[in-house]
Amino acid sequence: MVTELTYHANIFPGTRDELLAKIEKQLKPKRFKHVQRVEQTALRLAEANGVDLEKASIAGLTHDYAKQRPAEDFIQTIKDYQLAPELLNYGNAIWHGVVGAELIKHELGIYDEDILNAVRHHTTGAAYMSPLEQVVYMADFIEPARDFPGVDDARRLTDKELAMGVAYQAKHTLAYLIDNNQPIYPKSLDTYNAWVPQYPNV
Ligand code: DGI
Ligand code: FE
Ligand code: FE
């Protein structure tokens, strides 16, 4: 397990241990363990794909920072930072990443847009995702405790080619949401259109 990363002050103003302590205060133990597994998985994928390890660590650890905040915090943040009013039609599943990124910026002092976009897009993906965004999107999906039909295919494809993993997740999440009559956030459709037809074998 990698725990000896040095953070640079322009990326996070503190040590990894200090970041962990701040995240632990926000999350129940189960969720706190999940984000640490996502960090380790993100580091492995980052290493394999030439992505910055410090950013993979910070984005992995912070991706669910806002997951346990009350709805009022998100609604207030949408208003304070004049985020798209359509966001008010969704709930925690969408807010914790898209709106959570603003909380991370202002509460943790993380301004790196690649890290913030990795958090913003970790649930829905996006038509364009940087390598770091792809790493975090996949790490959240395949971390070792994930156990759903297809997760082994997702792990195998992601190890073969990161973008194939992205296509697999985009397709399977959309199919799952449709099966369960859930509202689809438009960005989830954009992700499907941008990634899945390119990889017709997933
Ligand atoms: O926060 P995690 O549980 O680690 O994982 P996540 O952030 O990837 O997913 C949170 C939930 O969001 C998951 O149950 C799937 C759901 N989700 C993903 N895309 C959409 C969505 N829910 C809705 N309603 N619409 C979407 O487009
Ligand atoms: Fe999440
Ligand atoms: Fe997560």
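A: Begin with the way helices are named. Helices are DSSP runs of at least four residues, numbered from the N terminus. This is a predicted model, and the case to start with is asparagine 181, which is placed in the loop between helix 10 and helix 11 (186–195).

Q: What is the phi of asparagine 181?

A: The general idea is that most residues other than glycine have a negative phi. Asparagine 181 has a phi near 55°, a positive value in a residue other than glycine.

Q: Is asparagine 181 buried or exposed?

A: A residue counts as exposed when its relative accessible area is over 50%, and as buried when that area is under 20%. Asparagine 181 has a relative accessible area of 71%, so it is exposed.

Q: Where does glutamine 82 lie, and what is its phi?

A: Glutamine 82 lies in the loop between helix 4 (71–80) and helix 5. Its phi is positive, about 50°, although glutamine 82 is not a glycine. Glutamine 82 counts as exposed because its relative accessibility is 72%.

Q: Are histidine 96 and histidine 122 buried or exposed?

A: Histidine 96 has 3% relative accessibility, so it counts as buried. Histidine 122 is at 2% relative accessibility and therefore counts as buried.

Q: Which polar contact does the side chain of histidine 122 make with a side chain?

A: A polar contact is a pair of N or O atoms within 3.5 Å; within protein, one must be able to donate a hydrogen and the other to accept it. The side chain of histidine 122 makes such a contact with the side chain of histidine 96, at 3.0 Å. A polar atom of the histidine 122 side chain also lies 2.9 Å from the backbone oxygen of valine 119.

Q: Which residues are the protein donors of the iron ion (ligand 3)?

A: They are His34 (NE2), His63 (NE2), Asp64 (OD) and Asp140 (OD), which lie 2.2 to 2.3 Å from the ion. The spacing of these donors along the chain is H-x28-H-D-x75-D. Histidine 63 and aspartate 64 are both buried.

Q: Which residue coordinates both the iron ion (ligand 2) and the iron ion (ligand 3)?

A: Aspartate 64 coordinates both, and the two ions are 3.5 Å apart.

Q: What surrounds ligand 1?

A: To read a shell, look for residues with a heavy atom within 4 Å of the molecule. Ligand 1 is surrounded by 17 residues, and the closest are Lys67, Thr123, Pro183, Tyr185 and Ser188. Helix 2 (29–49), helix 5 and helix 10 (162–179) each supply at least two residues of this shell. The largest share, three residues, comes from helix 5.

Q: Which polar atoms lie by the oxygen atoms of ligand 1?

A: An N or O atom in the side chain of histidine 122 is 3.0 Å from an oxygen atom of ligand 1. For aspartate 140, a polar side-chain atom lies 3.2 Å from an oxygen atom of the ligand. Tyrosine 185 has a polar backbone atom 2.9 Å from an oxygen atom of ligand 1. Taken alone, ligand 1 exposes 580 Å², and the protein buries 81% of that. The space taken by ligand 1 is the largest pocket.

Q: How far apart in space are glycine 125 and alanine 167?

A: Sequence separation and distance in space are read separately. Glycine 125 and alanine 167 are 42 residues apart in sequence and 9.8 Å apart in space, C-alpha to C-alpha. Proline 149 and tyrosine 128 are 21 residues apart along the chain, and their C-alpha atoms are separated by 27 Å. Glycine 125 counts as buried because its relative accessibility is 0%, whereas proline 149, at 79%, counts as exposed.

Definitions and conventions. Residues numbered from 1 in each chain as written. Chains lettered and ligands numbered in written order. Predicted model: local features only at pLDDT ≥ 70, side-chain atom pairs only at ≥ 80, totals over all residues. Heavy atoms only, no water. Donors = N, O, S within 2.8 Å, 3.2 Å for Na, K, Ca; no water. Buried < 20%, exposed > 50% of the residue type's maximum accessible area, 1.4 Å probe, protein only. Areas by Shrake-Rupley, 256 points an atom, 1.4 Å probe, with all protein chains shown as cover. 1 Å grid on protein atoms, 1.4 Å probe; cavity = no way out; pocket = protein on both sides within 12 Å on 5 of 7 lines; lining within 4 Å. Sits in = over half its atoms within 2 Å of the grid points.
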